[in-house]
Amino acid sequence: KDNVFIINPAEGDISLVPSERTYTVCFEYDIDEYEVLVNGQKAEVQTGENTVIISGVKPTDKVEIRINL
């Protein structure tokens, strides 16, 4: 079954936030099978031990990490 971790787009006045962000998401358990989507499109990410790093995310982007447990 898929579990989904979502980072929603910024709301309100986004003129005060950086034009791009990097998210580092750390999990307490080992994740073997996952998919990262940005605005519904598969995204290239960096990975580490229990970590997913998503770079170049705009404030208006929606990020989904789908984890198969």
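Me: Is tyrosine 29 buried, partly exposed or exposed?
Reply: Tyrosine 29 counts as partly exposed, at 37% relative accessibility. Buried means under 20% relative accessible area, exposed over 50%, and partly exposed in between (1.4 Å probe, protein chains only). This is a predicted model: local features need pLDDT of at least 70, side-chain atom pairs pLDDT 80 or more, while totals for chains, interfaces and linings use all residues. Residues are numbered from 1 along each chain as its sequence is written, and side-chain values use heavy atoms, without hydrogens and water.

Me: Which residue forms an aromatic pair with tyrosine 29?
Reply: Phenylalanine 27, in a tilted pair with 6.1 Å centre to centre and 45° between the planes. Rings of Phe, Tyr and Trp (its six-membered ring) pair if their centres lie within 6.5 Å; planes under 30 degrees apart are stacked, over 60 edge-to-face, the rest tilted.

Me: And how buried is phenylalanine 27?
Reply: Its relative accessible area is 14%, so phenylalanine 27 is buried.

Me: Other topic. What does the side chain of aspartate 61 make a polar contact with?
Reply: The side chain of asparagine 39, at 2.7 Å. A polar contact is a pair of N or O atoms within 3.5 Å; within protein, one must be able to donate a hydrogen and the other to accept it, and residues adjacent in sequence count only if both atoms are side-chain atoms. The aspartate 61 side chain also reaches the backbone nitrogen of lysine 58 at 2.8 Å.

Me: Where is aspartate 61 found?
Reply: In the loop between E6 and E7; strands (E, at least two residues) are DSSP runs, numbered from the N terminus.

Conventions. Helix = DSSP H or I, 4+ residues; strand = E, 2+ residues; numbered from the N terminus.
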